[in-house]
Amino acid sequence: MTTIDSSSKKDDRSHLLVEKDQNKQTVALPPKKVMASKLAAAAAAAAAAAAAAAAAAASSSQRQPSQNQALTTSSTITSTTTKITSSYSSTSNNTSSKSGPSGQLPRSESTMTKRRLSSSVVDNTREKKVAREKAPQSKPGKSITHSDRVVQAEISQYRPYFTEPDSDNPNGAAPTHKEKNLRVILEYPGSIEPENFLLLKPVIKNAAGKYDEEEEDQDEYNPITDLMRTAEFIYDCYLTPEEQKLLGNQSHGIMRNLTKYRNRRNGAGFAQAIKEFNKVMRQLKADGVLAKNAKDMCHPNYDLACHILFQVYSRTVARQADALNNYQAFSNNVYGEINPILVKDFITKTGVNSRSVFMDLGCGIGNVVLQVAAQTGCEAYGIEIMETPCKFAKRQLKEYAARMKAWRLPTGKIHFRHGDFLDVAANDLYSTLKRSDVLLVNNYAFDAATNQALAQLFLDLKEGTKIISLKSFVPKHHKINQRTLNMPESILRVEEFEYYSEAVSWTNNGGQYYIGTVDRSRLAPYFEEMYGR
């Protein structure tokens, strides 16, 4: 018979399940519950160990009769065993009515709980694995090429610009190395990371072949000018007059400080002005102001587009521009660029817009394609036969995409192909050619055979397509008659325009360009006369 210490277990009523009636009959464990028996034995052993430890601690502080210790230990073990036995007895009693004719009892609650927990862990693991497989893999974001990398690549030709010490310095000490080699970051309207600037100035070589410490090289990349112009474009193009008040103007405030400390060559003051500029920018971005204003602007104006393309060119092509001179003189591959001011005129005259398809046959390094796409958001294609310019074009496209993201502007759909534009089918551009709205062909240096082969492509163009060229594809004295009816020159209605100095790279003088429009209606009278329609 089990002895229970009622003084220590007054509230424990589990013994009522063990001692049923006045006869105190003990309910035995089901013979088939081997696992339950092991659990009960393990629990009893653990309880005995704990009780022994407690008894040892108690004996050291206060001696008690051994009889009471034995009684306490026995009571603890008995109570623990009774609880475990009672739980299985309760389970047996509750489920006895549901058991089958064989009288077998269901599995123990402890075992079922363990299995439920194990199953739950497995299910959770599987769910997490499936979720990871279904989750889209995030691609690394496009990053701009930072200004400081351009300077570091040619560091030998750069010198410190900020030479004046901090005006607030009471000692008037000479500028430190940190002040001379000032590094700052600049926030852009987009969500891309700020750009790093190493604020040095480019210097020119003297007669001895050494770099002059003071004379600035106006033809090389200047990070300070780049930074200042960037801040000014953000101020002018992305902020309303009310928002511009946060930055002041050229008379006071942050914008004034940028100019003042730049002119005074005060590095500490300039860096502080940049920090204040960035703080305002971050706040405007957090408030959604810059995102809204960029959306309202839609496409950059001519000046902003030129600045962005300057940033792209200076970080991708400028240092290797000499490689573009490796061509055969007086050949069809003579390299020359059309400058942005003339491209602006092309856009205006042809009416290119966001729904247009623009194609540059012989695109070089892709400057025209990028500018047209930036200013209009159109779908733009370029094809170039020379490997080096085409490689630079693709390099510029990558930087252009990152830059436009920094400026929070749409890029347009741009594609470059390396190949011969006379074989557009081989370059998968024949279907694009047929749906083009505007074609550009810088044929200034092309021979007559190349121009004639190009003209044959124009027979497949759709009605109304405009062709911009530096030489006319239609001779001045060309006449439409039965003999010339099927010639490509007969479907082109040509207009002549003038460009001025510095519009092209190969001369400072002005010249003419031509826009031919596909107009087959001019042939209708001759076909009616021939076929009597």
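These notes cover a helix, some salt bridges and a loop in a predicted model.

1. Start with helix H14, residues 367–376. Nine of its 10 residues are buried, so the rest of the structure largely encloses this helix. Among the buried residues are Val368, Leu370, Gln371 and Thr376. Gly377 follows H14 and has a positive phi, near 75 degrees.

2. Now look at charge pairs. Side chains of opposite charge can pair when their charged atoms come close. The structure holds 14 salt bridges. Five residues form a network of them: Glu195, Asp226, Arg315, Glu399 and Arg403.

3. Lys349 and Asp345 meet at 3.0 Å, N to O. Both belong to helix H13 (residues 340–350), and because they are four residues apart, about one helical turn separates them. Lys349 is partly exposed at 38% relative accessibility. Asp345 is also partly exposed, at 22%.

4. Glu242 and Lys245 form another salt bridge, with their closest N and O atoms 3.3 Å apart. Glu242 is exposed, at 55% relative accessibility. Lys245 is exposed too, at 59%.

5. Which residue pairs with Glu463 in a salt bridge? The partner is Arg520, with the closest N and O atoms 3.1 Å apart. Glu463 lies in the loop between H17 and E10, and Arg520 in the loop between E12 and H18, so the pair ties together parts 57 residues apart in sequence. Glu463 is partly exposed at 42%, and Arg520 is partly exposed at 31%.

6. Gly464 lies in the loop between helix H17 and strand E10. Its contacts beyond four places in sequence are Asp437, Thr517 and Val518. The C-alpha atoms of Gly464 and Thr517 are 5.8 Å apart, although 53 residues separate them along the chain. Gly464 is partly exposed, at 36% relative accessibility.

Conventions
Residues are numbered from 1 along each chain as its sequence is written. This is a predicted model: local features need pLDDT of at least 70, side-chain atom pairs count only at pLDDT 80 or more; totals for chains, interfaces and linings use all residues. Side-chain values use heavy atoms; hydrogens and water are left out. Helices (H or I, at least four residues) and strands (E, at least two) are DSSP runs, numbered from the N terminus. Buried means under 20% relative accessible area, exposed over 50%, partly exposed in between (1.4 Å probe, protein chains only). Contact means heavy atoms within 4.5 Å. A salt bridge is a side-chain nitrogen of Lys or Arg within 4 Å of a carboxyl oxygen of Asp or Glu.
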